[in-house]
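Reader: I would like to look closely at one part of this model before I think about the rest, and I would value a careful, connected account of how that part sits among its surroundings.

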Amino acid sequence: MRNLDDIDIKILNQLRKNARTPMKELSALVYLTTPAVSARIDKLEKDGYIKGYHAHLDLEKLGYGIKAFIMITVEPEDCPKFYDFVKSEKSVLECNHITGPYSMILKVVFSSTSLLDEFLGKLQVFGKTETQVVFSTALERH
């Protein structure tokens, strides 16, 4: 992995804020030509610093007003089946392997608490769960 310089970091920070920032605006921000900025972005993509570009959706407006974090203890031998299950569930936004009394934490969204409850029933075949429902989000970065 190469070291990022200040220009790379400025480009990445701006793209994180707005991935649709025009090249001309990025060029002005870092005092380089548009082709030079474009070449840097290509290199950042090739080197894996930029994994993709995404739309930041308002999930609540789309009908997914219930957000929760679910901790679960999954036995190591059950992990392949568990990963297949969570990958197939569109309501699972993230799945992270963690330290502590639980082995996984899921970030999920649902349109209703009854659908969350139904999902928990399916999930509990893999192990003990603990669920935290989100009331509000003070900060969300991407």
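Predicted model: local features only at pLDDT ≥ 70, side-chain atom pairs only at ≥ 80, totals over all residues.

Author: Residues are numbered from 1 along each chain as its sequence is written, and side-chain values use heavy atoms, with hydrogens and water left out.

Take helix 1 to begin with. Helix 1 (residues 6-17) and helix 2 (residues 23-30) pack at an angle of about 140°, with their axes 10 Å apart, the axes being lines fitted to C-alpha atoms, for helices over the stretch in contact, and the angles running from 0 to 180 degrees between N-to-C directions. That angle makes helix 1 oblique to helix 2, since angles under 35 degrees count as roughly parallel, over 145 as roughly antiparallel, 65 to 115 as roughly perpendicular and the rest as oblique. The crossing of these two helices is right-handed; a crossing has that name if the near helix is turned clockwise from the far one by less than a right angle, and is left-handed if anticlockwise. Helix 1 contributes Ile-7, Lys-10, Ile-11, Gln-14 and Leu-15 to the contact, and helix 2 contributes Glu-25, Leu-26, Leu-29 and Val-30, contact meaning heavy atoms within 4.5 Å. Sorted by class, the residues of this contact are six nonpolar, one polar and two charged, where Ala, Val, Leu, Ile, Met, Phe, Trp, Tyr, Cys and Pro count as nonpolar, Asp, Glu, Lys and Arg as charged, and the others, Gly among them, as polar.

With helix 3 the arrangement is as follows. The axes of helix 2 and helix 3 come within 9 Å and cross at roughly 95°, and the two helices are therefore roughly perpendicular to each other. Here Met-23, Lys-24, Leu-26, Ser-27 and Val-30 in helix 2 meet Thr-34, Val-37, Ser-38 and Ile-41 in helix 3. This contact of helix 2 with helix 3 has five nonpolar, three polar and one charged residues.

Helix 2 is followed by Tyr-31, which is found in the loop between helix 2 and helix 3. Tyr-31 has a positive phi of about 60° although it is not a glycine, and it is exposed, with a relative accessible area of 72%.

For a sense of distance, the C-alpha atoms of Lys-24 and Val-133, 109 residues apart along the chain, are separated by 42 Å. Val-133 is found in strand 4 and, at 46% relative accessibility, counts as partly exposed. Leaving aside its neighbours within four places in sequence, Val-133 is in contact with Lys-67, Ala-68 and Leu-116. Leu-116 in turn belongs to helix 5 (residues 113-123), where it is buried together with Phe-119, Leu-120 and Leu-123. Seen down the axis of helix 5, these residues fall within an arc of 105°, so they too line one face of their helix. They pack against strand 1 (66-72), helix 4 (79-88), strand 2 (92-97), strand 3 (104-110) and strand 4 (129-133).

How values were computed
Buried < 20%, exposed > 50% of the residue type's maximum accessible area, 1.4 Å probe, protein only. Helix = DSSP H or I, 4+ residues; strand = E, 2+ residues; numbered from the N terminus. Arc of directions from axis to C-beta.
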